[in-house]
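This report looks at annotated spans, aromatic pairs and a surface patch. Please have the sequence and the model open.

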Amino acid sequence: MSSNTPGPQQGPYDPQANPYAAPPPPAQPPAQQPPYPGAGYPAAPPLYPGAAGMPMQLSNGMGTAALVCGIVGLVCGITYFLWVFAVILGILAIIFGAIGKGKVGRGEANNGGSATAGLVCGIIGMVLPAIYLAALDAAIDSVF
């Protein structure tokens, strides 16, 4: 038998291994490959400005909310007994319509027609109860 035969190899979980021994040296990194052909050239510019990013998401919620509040407020304004709801929904429609028109002006939304229609319906929905109340006041004053 030869005297250079190695004994059993000791793994990291071998109970006979010395836990306080120095760790083995790290493996050498592989030799570096030459750079790819053309790797020194810059990237091509985008075809048009903003092409690299994602498109901006439009937020049409304010214009739509103005239109819904304006239509419901207008219907409540025509119905005399719901004039309180007409005033509240008219105020909301005016606020939402103004915010929606601002977003259209900044390019954040594209439903300017809905925002304008909600604004107009909200104004009319608030004016109708005022006309009804003024007519009722005039009728009461003429009787008494």
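In which helix does Val84 lie? Val84 lies in helix H2. The model behind this report is predicted.

## Val84 and the nonpolar patch

Val84 is partly exposed, with a relative accessible area of 42%. Val84 is one of the residues that make a nonpolar surface patch of about 840 Å².

Helix H2 covers 83–106, and helix H3 covers residues 112–143.

## Annotated transmembrane spans

An unreviewed UniProt entry carries the annotation "transmembrane region". In that record the annotation covers residues 65–96 and 117–135.

The model can be set beside the record. Residues 65–96 are 88% helix and 0% strand. The end C-alpha atoms of that span are 6 Å apart. Residues 117–135 are 100% helix and 0% strand. Here the end C-alpha atoms lie 27 Å apart.

Between helix H1 (61–78) and helix H2 (83–106) there is a loop, and Tyr80 lies in this loop.

## Aromatic pairs

How many aromatic pairs does a search of the whole structure find? The search finds two. Tyr80 and Phe81 form a pair whose ring centres are 5.7 Å apart. Their planes stand at 70°, so the pair is edge-to-face; the cut-off for that class is over 60 degrees. Tyr80 is partly exposed, at 29% relative accessible area. Phe81 has 74% relative accessibility and counts as exposed, because the threshold for exposed is over 50%.

Tyr80 also pairs with Tyr132. This pair is edge-to-face, with 5.8 Å from centre to centre and 70° between the planes. Tyr80 sits in the loop between H1 and H2, while Tyr132 is in helix H3, so the pair ties together parts that are 52 residues apart in sequence. Tyr132 is partly exposed, with a relative accessible area of 30%.

## The ring cluster

Which residues do the ring pairs link into a cluster? They are Tyr80, Phe81 and Tyr132. Tyr80 takes part in the pair with Phe81 and in the pair with Tyr132.

Conventions: Residues are numbered from 1 along each chain as its sequence is written. This is a predicted model: local features need pLDDT of at least 70, side-chain atom pairs count only at pLDDT 80 or more; totals for chains, interfaces and linings use all residues. Side-chain values use heavy atoms; hydrogens and water are left out. UniProt positions are given in the numbering used here, feature names are shortened, and annotations may be inferred rather than shown by experiment. Helices (H or I, at least four residues) and strands (E, at least two) are DSSP runs, numbered from the N terminus. Rings of Phe, Tyr and Trp (its six-membered ring) pair if their centres lie within 6.5 Å; planes under 30 degrees apart count as stacked, over 60 as edge-to-face and the rest as tilted. Buried means under 20% relative accessible area, exposed over 50%, partly exposed in between (1.4 Å probe, protein chains only). Patches are made of residues with over 30% relative accessible area and no salt bridge: like charges are joined within 9 Å, nonpolar side chains (Val, Leu, Ile, Met, Phe, Trp, Tyr) within 5 Å. Accessible areas come from the Shrake-Rupley method with a 1.4 Å probe; for residues, only the protein chains shown count as cover. A salt bridge is a side-chain nitrogen of Lys or Arg within 4 Å of a carboxyl oxygen of Asp or Glu.
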